[in-house]
Amino acid sequence: MPPTFPGSPRRAAGWAAALAGGLVLLALPGLVNPYLLFQACLVMVTATAGLGLVLIMGWSGQIALAQAGFLGVGAYTTTYLVAQGWPWPLATVTAGLVAALAGVLIGLPATRLRGFYLAIATLAFAELMIRVFVEAVPVTGGIAGVAVEAVVLPGIDVDGSRWYLCLAVAAVTTVAVVRAGRAGLGRRLRVVRDAEIAAPSLGISPMRTKLLAFALSAFIGGVAGALYAQCLSYLTPEIFDMGLLIEFLVLAFLGGVGYVVGPFLGAIVVVVLRDLLQDLGSWQRLVYGLILALAIAFLPRGLASLPARLRDRRRAPERPVTAAAS
Amino acid sequence: MWQQIISGLQAGSWYSLMALAIVLVLKATDVPNFAMAELGLLPAFCTWALIDGAGLSWWAAVPAGLLIGVVLAVVVERTAIRPILAENHFATVLMTIAVFVVINAVVQLVWGSEPRKIDSPFAGSFTVAGQIVAYEQLLSIGAGLAVTVALVLFFRTPLGVRMQAIAEDRVTPRLLGVSVTTVFRTSWALAGAIATIALLLQGQASLLTDQNGSGLLIKGFVAATLGGFSSVIGAFVGGLALGVAENLAGAYVSTSSKTAIALLAIVVVLAVKPQGLFGRHQAREV
């Protein structure tokens, strides 16, 4: 018997599409070749890290430039802990907590102040992290790098295991971020972003709210880093440098940080671009920079805002009439 | 010890100049400019090319480089920043990052990643009380001091006063006939020239690579944070303090502690005295 869906036929169609999409994602290892599956893993990991940016950049309107650094912290911590004999899930959560702790230390002074202090403090942190990855040879292997032990789920091959891990974490993060957005945190963050001075009169502490968002964003970054390590299978410090930061900015801005689908759209663009431009070095950065500039100039709310903007445009001719009437 | 302090003051002067350029743009347009160092990097490479490739003398190439710096900054302000300044603050800040990435990529594409050195007529050194002082070091410190004094004087001129008025309030000065466009353009032009001076000094005293920009940018931001982001003298002293602290830490603690000093300075200053060592408390708009 087919399940019954509540609401309108349109809503039922939406549920059916989501169900079909979910089934395709679950069956993906059997549908595409390993190379495409690997690219899909990267999309999920990148989008997960991007969801962290939705919290901090989209909802609280703060510019955080350390997501690549948090990814590195997560990747190295998990790899180290697993090598010490920890089970992978526990190591990953711990890595997330370590990243969140680093986030609090950086954010604590910066979130009390005007927005751009966080941008500067996080940029300095990201730069420092690269040095730490180079210097902390016992943990990170320094410039030579360190190999990552692959997690293999029972009964599934390495590629499939990696995919299901990435999919599961991306799904859990998406649900968590959507729920947080609907419930208290998302609303509190938007109040702080749009009316910081008024927020305390609503019983909202701007500093505590921003700091919580930043810590969560760092946690998500750390967990995404653990998955990123699984994708790369070998970690070196320069993986987490300025280039990755710029990819995240392209992702955040092109996808649209205000929306939960934004990071997924952005992640697809970034992963495809990386694949297309991988041997082109400086050209890659030039293209990223130009895309970022054009996106800011012409699509300030990202790809995810396109449907709403197109709808507005279709309605646009009516506007002068109503304006004249009122 | 004295040797470390002198090299610290030299590097600190570059940080000061970068901080001054950042503060200048921030004061007028309220944008923390992440492209600031890159706006000096490209002109510095052009100057190197004029000397090494075109065979110009230093005395001819440096003014040309400064001119390129001014033009570049004005063009970036006009094409990338001003059209979106009304949009929102967030977009403008990210736009400066995009400009940073584009200019850096262009420098990499044209000149590659090998280090260069700008030939200057100030090679050599002299000895004072047993300490070796290079002429380059005096030039850097002197240039930092000169630019600081010039800026302090500039902010007392009618244009400088207008610039500060625009930073405080974007509407009222306009009613009194102050052109916002002129103020924005002037601040970017001056900042472009100052950033070029910083990169030129670094490029002729040590080496010029495509990475110099991002390094100086962070140091400039740290110095500006130390100085409180509103004070010209604060930015100058902040840069010198950072340079000396880094060099002493590098010599007496470990080479790798040098990078940590910058972050440590930011975190401590923001936690203890958020308005910076020289900043004034700024009331926020409701």
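**Cavities, interface and pocket**

Modeller: To start us off, about 30 Å³ of space lies in the second largest cavity. Please keep in mind that this is a predicted model.

Biologist: Good to know. Which element gives the largest share of the lining of the second largest cavity?
Modeller: Its lining is made up of Ala75(A), Thr78(A), Thr79(A), Val82(A), Trp88(A), Val148(A), Glu149(A), Ala226(A), Ala229(A) and Gln230(A). Two elements of chain A, helix H3 (67-83) and helix H9 (206-232), each give two or more residues to this lining. The largest share, four residues, comes from H3(A).

Biologist: And how many charged residues does the lining of the second largest cavity have?
Modeller: Glu149(A) is among the lining residues, and Glu falls in the charged class. By class, the lining has six nonpolar and three polar residues, and its charged count is one.

Biologist: Which element gives the largest share of the lining of the largest cavity?
Modeller: Chain A lines the largest cavity with Leu65(A), Leu123(A), Met242(A), Leu245(A) and Leu249(A), and chain B with Phe34(B), Ile97(B), Phe100(B) and Leu217(B). Helix H10 (242-255) of chain A and helix H4 (89-111) of chain B are the elements that give two or more residues. The largest share, three residues, comes from H10(A).

Biologist: How many residues of the lining of the largest cavity are nonpolar?
Modeller: Leu, Met, Phe and Ile, the residue types in this lining, belong to the nonpolar class. The lining has no polar and no charged residues, and its nonpolar count is nine.

Biologist: Let us turn to the interface. What area do chain A and chain B bury between them?
Modeller: The contact involves 42 residues of chain A and 41 residues of chain B. Of the area buried between the two chains, 80% is on carbon and sulfur atoms, and the total is about 3,800 Å².

Biologist: How many salt bridges does the rule find across the interface of chain A and chain B?
Modeller: The rule finds zero residue pairs in polar contact across this interface, with both residues required to be at pLDDT 80 or more. For salt bridges across the interface, the count is zero.

Biologist: Which element gives the largest share of the side of chain A that touches chain B?
Modeller: That side has 31 nonpolar, four polar and seven charged residues. Helix H4 (88-110), helix H5 (116-135), H10 and helix H12 (282-298) of chain A each supply at least two residues of it. The largest share, twelve residues, comes from H5(A).

Biologist: Why are Arg131(A) and Glu135(A) separated by about one helical turn?
Modeller: Their side chains meet in a salt bridge, at 3.1 Å from N to O. The two are about one helical turn apart because they are four residues apart in helix H5 of chain A.

Biologist: Finally, which element gives the most to the lining of the second largest pocket?
Modeller: This pocket has a volume of about 1,200 Å³. Of its 41 lining residues, the closest to its centre are Glu127(A), Arg131(A), Gln211(B), Gly215(B) and Lys219(B). The lining divides into 17 nonpolar, 14 polar and ten charged residues. With seven residues, the element that gives the most is H5(A).

How values were computed:
Residues numbered from 1 in each chain as written. Chains lettered and ligands numbered in written order. Predicted model: local features only at pLDDT ≥ 70, side-chain atom pairs only at ≥ 80, totals over all residues. Heavy atoms only, no water. 1 Å grid on protein atoms, 1.4 Å probe; cavity = no way out; pocket = protein on both sides within 12 Å on 5 of 7 lines; lining within 4 Å. Points joined across faces, edges and corners; volume = space filled by probe spheres on them. Contact = heavy atoms within 4.5 Å. Buried area = accessible area lost by both parts, 1.4 Å probe. Salt bridge = Lys/Arg side-chain N within 4 Å of Asp/Glu carboxyl O. Polar contact = N/O pair within 3.5 Å; in protein donor to acceptor, adjacent residues only side chain to side chain.
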